[in-house]
Amino acid sequence: MKQKLIDYNTVRKYWDSSFAGNFNYREGYKIDDENFALLRFKIEVKAIKKILKKNFKNTPSKTCSSSSFLDVGCGNGKFSFYFSNYFKEVVGIDFSKKSIDIAKKEALRRKIKNTAFYCADLKKLKLKQEFDIIFVGGVLMYIDDQDLLLVLTKLKKHLAADGLLILREPFFKEKTLLKKGDYPVIYRSLKGFIKKLKKEKFKIINLKLNEGYNYGIITDFYLRFLPKRIVFGLLAKPKFLKLNHLILKRFIQCKGYFIAVKK
């Protein structure tokens with residue numbers, strides 16, 4: 001058997017160290033400005049809602065009376081809390097216990113009663129139900145190639161017959177980039193990943209750029225040569241970032257995507 005490319009213990013340590021204290025939107029982000037993290041979150045939520053409205057029978061305009069939502073890699077519960085307003089049941093899982101502890105604490109503070117959070121390993125996932133929506137929020141980039149098909153099979157098993165799987169991941173167009181050290185991650189090629197989805201008999205129904213993720217790349221670029229107070233005070237604003245994205249998106253090598261698939 002080939003040596004694994006991803007050291008899961010190192011990944012867990014990284015995310016455990018990223019989640020500390022009380023809930024905030026910047027947890028886990030490379031860019032630690034809370035206002036920017038909230039901006040990025042709102043942009044991503046808007047994109048997810050558009051995908052749901054177009055491809056799911058119960059559009060998220062009001063609480064769905066019987067629909068369920070699984071948030072994979074839920075972190076401190078950002079997306080779980082938001083979509084608890086639209087789904088009857090929301091379950092969040094993450095293999096970082098510290099992030100789950102924050103999510104549980106925040107759910108109590110907000111008095112949200114239709115969410116449940118579990119510390120779980122996606123490779124060994126054994127939930128007792130299927131879900132109408134499964135959202136995977138940037139998790140597969142930390143899954144080794146040897147385990148990727150296993151994970152996709154697990155996700156498929158827990159997806160309802162007419163359910164929708166939404167993957168939120170960064171990809172290169174052609175190549176694959178592996179990073180090791182304290183932050184082990186695989187930035188896969190989009191074409192190669194789509195082949196793996198098709199191998200698992202998933203039907204791709206929506207593929208779109210994740211502007212929120214790409215705004216992060218653009219902001220990080222400006223932080224290389226400008227002070228934080230200028231970047232976040234003047235440049236990291238919706239109109240400026242949107243214009244930059246329109247101009248620069250073809251030049252960004254590793255882009256964020258949303259991929260929506262069905263069985």
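## Aromatic pairs

At 25% relative accessibility, Tyr14 counts as partly exposed, a class that lies between buried (under 20% relative accessible area) and exposed (over 50%), with a 1.4 Å probe and protein chains only. Tyr183 is partly exposed as well, its relative accessible area being 25%. This is a predicted model, in which local features need pLDDT of at least 70 and side-chain atom pairs count only at pLDDT 80 or more, while totals for chains, interfaces and linings use all residues. Residues are numbered from 1 along each chain as its sequence is written, and side-chain values use heavy atoms, with hydrogens and water left out.

Rings of Phe, Tyr and Trp (its six-membered ring) pair if their centres lie within 6.5 Å, and planes under 30 degrees apart count as stacked, over 60 as edge-to-face and the rest as tilted. By this rule the count comes to 28 aromatic pairs. The ring centres of Tyr14 and Tyr183 are 4.7 Å apart with the planes at 55 degrees, so this pair is tilted. The pair links distant parts of the chain, 169 residues apart, with Tyr14 in helix 1 (residues 8–18) and Tyr183 in the loop between strand 6 (177–179) and strand 7 (185–187); helices (H or I, at least four residues) and strands (E, at least two) are DSSP runs, numbered from the N terminus. The rings of Tyr25 and Phe41 are also tilted, because their centres are 5.1 Å apart and their planes stand at 50 degrees. Here Tyr25 lies in the loop between helix 1 and helix 2 (34–55) and Phe41 in helix 2, 16 residues apart, and both Tyr25 and Phe41 are buried.

## Charges over rings

A charge sits over a ring if NZ of Lys or CZ of Arg is within 6 Å of the ring centre and within 35 degrees of the ring normal. Lys123 lies over the face of Tyr8, at 3.9 Å from the ring centre, and Arg110 lies over the face of Phe23, at 4.9 Å from the ring centre.

## Salt bridges

A salt bridge is a side-chain nitrogen of Lys or Arg within 4 Å of a carboxyl oxygen of Asp or Glu, and a search of the whole structure finds 13 of them. Arg110, which also lies over Phe23, forms one with Glu106, the closest N and O atoms being 2.8 Å apart. Being 4 residues apart in helix 4 (residues 97–110), the two are separated by about one helical turn; Arg110 is partly exposed at 31% relative accessible area, whereas Glu106 is buried at 6%.

Lys191, partly exposed with a relative accessible area of 48%, forms a salt bridge with Glu174, the closest N and O atoms being 3.0 Å apart. Lys191 lies in helix 6 (residues 190–199) and Glu174 in the loop between strand 5 (159–172) and strand 6, so the pair ties together parts that are 17 residues apart in sequence. Salt bridges that share partners join Arg40, Glu44 and Arg168 into one network.

## Helix 9

The buried residues of helix 9 are Leu241, Asn244 and His245. They cover an arc of only 100 degrees around the axis, which puts them on the same side of helix 9, the arc being that of the directions from the helix axis to the C-beta atoms. The face turned away from this buried side carries the exposed residues Lys239 and Leu246.
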